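Please open the model in your viewer and keep the selection panel at hand.

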Amino acid sequence: MKVPFLDVLAAYRELQPGLDKAYRQVMESGRYILGEEVEAFESEFADFCGAKHCIGVGNGLEALHLILRALEIGDGDEVIVPGNTYIATWLAVSYAGATPVPIEPDPGTCNLDPVRFQEAITGKTRAVIPVHLYGQPADMDTILEVARKRNLAVLEDAAQAQGALYRGRRTGGLGDAAGFSFYPGKNLGAFGDAGAVVINNDEIADKVRMLRNYGTRTKYENEVKGFNSRLDPLQAAFLRVRLSHLDEWNQRRRAVAERYLDQLADIPELILPQVPEWAKPVWHLFVVRHPERGKLRRYLEQAGIGTLIHYPIPPHLSGAYSDLRSRIGELPVTERIADTVLSLPIGPHLDGEMVESVIDALGKFAKSPGAA
Ligand SMILES: *Cc1c(COP(=O)(O)O)cnc(C)c1O
């Protein structure tokens, strides 16, 4: 049996009537930039997150970038970021002209470590960006407590965590502002690029809204050198259809994760994700660790099981940040994670048989002579 890592086409198949209708509605509206669909999605997604405002933007990277701009964080400022994240978190800081300062994660959850965050604060620090990595919320109350004492902004990178709960509260409304990505493979995925800023502060919300649209509140009155990063109405219409299924689809992911957690617990050397009692993740990814990651991956591939690595090269060792002159070994926890992680197939369209076949293959790998 073939088990693809993720079947993005399945989302279209399941929701086709609604999506096709949404497409026709936008095409016939004649409104192809901003307008009603975008506003309707913004209001629905703000409600979903339990936050006051949502501002639809071009993608997740732009969401984070525009928040930093609106907060006037830039030249000469430092922003604390996880060492182990997708490079977009760092790039948003670089785009704004500030310096990303990486810290090591909690090795258990792979999420931001509040103690290391506190230690990394300098006189130049303006903000911190906890990432709800793999769909699991970071320890926001502890992070906020540290940040408040030093007057730092807390921006959630919630790109992987639409719908995740932290102590019963949704991600997106937990800090000072949040950036979401609706890249097609995300839990709430568009059918192209899309993103959003979610925020409670009226003034900053207003500023983000202006910045995403050429720095204008009124057409042709360009108050500042703004950007063009507007959520596309077609994507907004598609996202509205997908949003109405998000909780249910996240629940399907949870069912897969529970099965994995239960059935893979006894496999030697395999490290399973750790979930703190206050977290209700949405399992954007199910990431295991194994000292023989390469061998395991090839074994699964031969069994027809698709896996990916999130992420093989941490930003500090990437070409993009060669100017930092980081050396291998500089962030040992982060680098160890990059060398050992493997993402198993997970998604709302993985059926029971597929899950069993992944579990089965992992069990066989553990018993095979070449395993360790
Ligand atoms: C996907 C992702 C982003 C960026 O999203 P885009 O929409 O692709 O720009 C940012 N941060 C994290 C953690 C992500 O997973």
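**A tour of rings and cysteines**

Select F180 to begin: with a relative accessible area of 1%, this residue is buried, a word that stands for under 20% relative accessible area, while exposed means over 50% and partly exposed lies in between, using a 1.4 Å probe and protein chains only. The model you are viewing is predicted, so local features need pLDDT of at least 70 and side-chain atom pairs count only at pLDDT 80 or more, whereas totals for chains, interfaces and linings use all residues. Residues are numbered from 1 along each chain as its sequence is written, and side-chain values use heavy atoms, with hydrogens and water left out.

How are the rings of F180 and F182 arranged? Their centres are 6.4 Å apart and their planes meet at 10°, so the pair is stacked; rings of Phe, Tyr and Trp (its six-membered ring) pair if their centres lie within 6.5 Å, and planes under 30 degrees apart count as stacked, over 60 as edge-to-face and the rest as tilted.

Now extend the selection to F41, F45 and F48, which ring pairs link with F180 and F182 into a cluster. Then show R170, which lies over the face of F48 at 4.0 Å from the ring centre; a charge sits over a ring if NZ of Lys or CZ of Arg is within 6 Å of the ring centre and within 35 degrees of the ring normal.

A disulfide requires two cysteine sulfur atoms within 2.5 Å, and a search of the whole structure finds zero disulfides.
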